[in-house]
Amino acid sequence: MDLGWMVAIALAVALIGAVALYERELGRLARFLRRDDRSANERATVSFSTPGVSSVAAAVNDEMDALRDERAALGERQEAFQRDLAALSHDIRTPLAGAQGYLQLHGRSTSPAERERCLREASSRLSAMRELTDRLFDYAKAADSDSPLACEPVEVLPILAEVLAGAYPQFAERGWEPAIDFEDDGAAVLADPEALSRVFSNLLANALRHGASAPTIAQRLLPPGDRGEGGMVELVFSNKVEGADAIEADRLFERFYRADGARSGGGSGLGLAIVASLCKRMGGSVAAVASRGFLSIMVRLPAAM
């Protein structure tokens, strides 16, 4: 047998051996993927390490990591949904039970004054339920990404002034006068006018419900970022609040979150969640800081060029 045939045979044997090793490693990876008893953190390994086989193993591990993260996120969303459902059930049952109780008292009472009081109390609790269902509807609309907002250049100050005018009776009742500090009175943002009005309305309602002082509303212009972001307009709603240390600022925009553990502070717990959803859909963001007795809520929206 000449040398050429010997080389050819050797190459063929080496090729067959390499294919067999590849087949073995691919089979091991397939069996690894089919196993039902592997732990969440178990990794696919190879004993015959070549760039191709190692790349396949790395891709398998990356997919497993992504699947694990997705499952963890799904679990967190399910837990959040269960918490929200429990909170919603509490908020619906409490005024409903109160209304039923007062209606029963009304049926047993013989005093006209007491019967009238029972009707007032029942009506008040049913109104609270109506407010909650209205807020639920508003939140569903605000979070509906399938219904895009019609964003356009909108001047901020006129819309804020209109919302403040609508809240004037509540501010006058408390003897408060909001302070306005705008860097540029003519600044405009890319926003849906109705959604922007709702953002301002909910922020002012939050300040009126939970604040201990008149709010300050400051505006400043933020230049474009280093990563190519366009300029932003920032609005900061800030006022004193009781128990600021109890507020978990990073949870303030969650559905049904309230700083009072007993959920006795009033409100639906949806107002700021609506703010967060609307800001996100308009290309902006919202954040909060609770410090030294003050709560500051920062809204950022894209500046209109």
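Biologist: In this predicted model, is the crossing of helix 4 and helix 6 left-handed or right-handed?
Modeller: The axes of helix 4 (residues 156-166) and helix 6 (residues 193-210) come within 9 Å of each other. Handedness is a property of how these two helices cross, and for helix 4 and helix 6 the crossing is right-handed.

Biologist: Which word describes how helix 4 and helix 6 lie to each other?
Modeller: Two packed helices are described by the angle between their axes and the distance between the axes. For helix 4 and helix 6 the axes cross at roughly 50 degrees. Roughly parallel would need an angle under 35 degrees and roughly perpendicular one of 65 to 115. The two helices, helix 4 and helix 6, are therefore oblique.

Biologist: How many charged residues are in the contact of helix 4 with helix 6?
Modeller: Helix 4 contributes Val156, Ile159, Leu160, Val163 and Leu164. Helix 6 contributes Pro193, Leu196, Ser197, Phe200, Ser201 and Leu204. By class, the contact has 9 nonpolar and 2 polar residues, and the number of charged ones is: no charged residues.

Biologist: Which strands stand at the edges of the sheet?
Modeller: The open sheet has 5 strands in the order 2-4-5-7-6, with mixed pairing. A strand at an edge has a single partner strand, so one side is left without a neighbour in the sheet. That applies to strand 2 (179-182) and strand 6 (285-291).

Biologist: Which residue stands opposite Val233 in the pairing of strand 4 and strand 5?
Modeller: Strand 4 and strand 5 pair in the antiparallel sense over 7 bridges. The residue opposite Val233 of strand 5 is Leu221.

Biologist: How many of the residues of strand 5 are buried?
Modeller: Helix 4 lies across strand 2, strand 4 (216-222) and strand 5. Helix 6 also packs on the sheet, touching strand 4, strand 5 and strand 7. Strand 5 is mostly covered, and the count of buried residues is 8 of its 9.

Biologist: What angle does the direction of helix 6 make with that of strand 7?
Modeller: Helix 4 runs at about 175 degrees to strand 2. An angle over 145 degrees counts as roughly antiparallel. For helix 6 and strand 7 the value is about 175 degrees.

Key
Residues numbered from 1 in each chain as written. Predicted model: local features only at pLDDT ≥ 70, side-chain atom pairs only at ≥ 80, totals over all residues. Heavy atoms only, no water. Axes fitted to C-alpha atoms, helices over the stretch in contact; angles between N-to-C directions. Helix = DSSP H or I, 4+ residues; strand = E, 2+ residues; numbered from the N terminus. Left-handed = near helix turned anticlockwise from the far one by under 90°. Contact = heavy atoms within 4.5 Å. Nonpolar A, V, L, I, M, F, W, Y, C, P; charged D, E, K, R; others polar. Pairing = 2+ DSSP bridges. Buried < 20%, exposed > 50% of the residue type's maximum accessible area, 1.4 Å probe, protein only.
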